[in-house]
Amino acid sequence: MALRQGWDDYVRFAAARPRIYAAMMGRLLEGAHIEAADQSYQTLVQNVQRVAAEGKLAVPAPAAADLVWASANTASWLYVTAQIRKVPPPQPDVVDLIRESVMQTILIQTPDADSK
């Protein structure tokens, strides 16, 4: 599913480049326009809209986009702050749990649905 793949790609970027991710987020908070950030969010919105068009969202599309965006950023900050917290980067199962928790929240659960 494109929604999960986009989430994974976003978090992988932060995991591989935590300083760049942190700098980008800092610039955004200062009001900078970063085209890559805009494109990332627009891709998310488009993916959510596709899922909504298929009738698979359990929540309104704007709420789904907010939840996916928030959870991807939360997982990303675990990588950014690992050194500050004096811990290793998060384990893959922790990151997967964050992603799947939000997917369970926003998606209509069906018995035969493919979870990945």
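Visitor: Is I34 buried or exposed?
Guide: I34 counts as buried, at 12% relative accessibility. Buried means under 20% relative accessible area, exposed over 50%, and partly exposed in between, with a 1.4 Å probe and protein chains only. This is a predicted model, in which local features need pLDDT of at least 70, side-chain atom pairs count only at pLDDT 80 or more, and totals for chains, interfaces and linings use all residues. Residues are numbered from 1 along each chain as its sequence is written, and side-chain values use heavy atoms, with hydrogens and water left out.

Visitor: Where is I34 placed?
Guide: I34 lies in the loop between helix 2 (18-29) and helix 3 (35-53). Helices are DSSP runs of H or I with at least four residues, numbered from the N terminus.

Visitor: Leaving aside neighbours within four places in sequence, which residues is I34 in contact with?
Guide: With those neighbours left aside, I34 is in contact with M24, R27 and L28. Contact means heavy atoms within 4.5 Å.

Visitor: On to the rings: how many aromatic pairs are there?
Guide: The count comes to four aromatic pairs. Rings of Phe, Tyr and Trp (its six-membered ring) pair if their centres lie within 6.5 Å; planes under 30 degrees apart count as stacked, over 60 as edge-to-face and the rest as tilted. Y10 and W69 form a tilted pair, 5.2 Å centre to centre with 55 degrees between the planes. This pair links distant parts of the chain, with Y10 in helix 1 (residues 2-16) and W69 in helix 4, 59 residues apart.

Visitor: Which residues do ring pairs link into a cluster?
Guide: The cluster consists of Y10, Y21, Y41, W69 and W77.

Notes:
Helices (H or I, at least four residues) and strands (E, at least two) are DSSP runs, numbered from the N terminus.
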